[in-house]
Amino acid sequence: MTDSKTPAEAEARSGRSGRGGKREALVRAAVRVFHEQGVEKTTLGDIARTAEVPLGNVYYYFKTKDQLVEAAVDAHCQQLDALTARLDELPDPAARLKTLVAGWVDQRETAARFGCPFGTLATELDKRDDGLDLAAARVMRALIDWVESQFARLGRADAAALAVELVAAYQGMSVLTNTLRDPGLMAAQGDRLRSWIDGIAGG
């Protein structure tokens, strides 16, 4: 007898609905392909191939590409939450900020090829007015707010301005690294930012 359950139901029944499930694989693939190709150039077929999921199954989880874009934005939000939770375990705000910068620099080869994973997506979505632009803005705002809280813990009254300066510096160096295809540029700018943070913490 043929099993009439949908792939989602079958995964739930077999206990494979966690991180290894098809939906999660599709979201991970969407994050990657949107970064590498951009949203407009990406098809559901591209994402299905990257996720190694049959195209027909994609529609059980996402009826449109926009639903996958929304899921990708949510995934970036979850990644940011996980990152800041790990950083919050470090002993002091300056160490947290410098570790954040070090993580950016560690991705310099990827940035040289494709730019910032979230910044490029946010820039593309900013051209839209369907709500996805606002969702992307909320993720960027969450990063700025977390950075601001670290500068505030360092006793800086200008924490909000410093947070914008740090995040803007990262986005700028990502754009230049990508445009010039020069990972060394990000490494050098990362060193400068860490020294800048040390100066603020010591002042």
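Predicted model: local features only at pLDDT ≥ 70, side-chain atom pairs only at ≥ 80, totals over all residues.
1. What does the side chain of Lys-98 meet? The partner is Asp-198, and the two side chains form a salt bridge with N to O at 2.8 Å. The pair links distant parts of the chain: Lys-98 belongs to helix 6 (residues 93-106), while Asp-198 lies in helix 11 (residues 183-202), 100 residues apart. Asp-198 is partly exposed too, at 39% relative accessibility. As background, side chains of opposite charge can pair when their charged atoms come close.

2. How many salt bridges does a search of the whole structure find? There are eight, and a couple of others are worth a visit.

3. Stay in helix 11 for the next one. Asp-191 pairs with Arg-194 in a salt bridge whose closest N and O atoms are 2.6 Å apart. These two residues are three residues apart in helix 11, so about one helical turn separates them. Asp-191 has a relative accessible area of 44%, which makes this residue partly exposed. Arg-194, at 21%, also counts as partly exposed.

4. Elsewhere, salt bridges with shared partners join Asp-66, Arg-128 and Asp-130 into one network. Within it, the side chains of Asp-130 and Arg-128 meet at 2.6 Å, N to O. Is each of these two buried or partly exposed? Arg-128 is buried, with a relative accessible area of 17%, whereas Asp-130 is partly exposed at 41%.

5. Asp-66 brings us to a helix pair, as this residue is among those of helix 5 that meet helix 9. Helix 5 (residues 65-87) and helix 9 (residues 132-153) pack at an angle of about 5°, with axes 10 Å apart. Helix 5 is therefore roughly parallel to helix 9, because angles under 35 degrees count that way.

6. Which residues make this contact? From helix 5 they include Val-69, Val-73, His-76, Cys-77 and Leu-80, and from helix 9 they include Leu-132, Ala-135, Val-139, Leu-143 and Trp-146. The residues of the contact divide into twelve nonpolar, two polar and two charged.

Methods. Residues numbered from 1 in each chain as written. Heavy atoms only, no water. Salt bridge = Lys/Arg side-chain N within 4 Å of Asp/Glu carboxyl O. Helix = DSSP H or I, 4+ residues; strand = E, 2+ residues; numbered from the N terminus. Buried < 20%, exposed > 50% of the residue type's maximum accessible area, 1.4 Å probe, protein only. Axes fitted to C-alpha atoms, helices over the stretch in contact; angles between N-to-C directions. Parallel < 35°, antiparallel > 145°, perpendicular 65-115°, else oblique. Contact = heavy atoms within 4.5 Å. Nonpolar A, V, L, I, M, F, W, Y, C, P; charged D, E, K, R; others polar.
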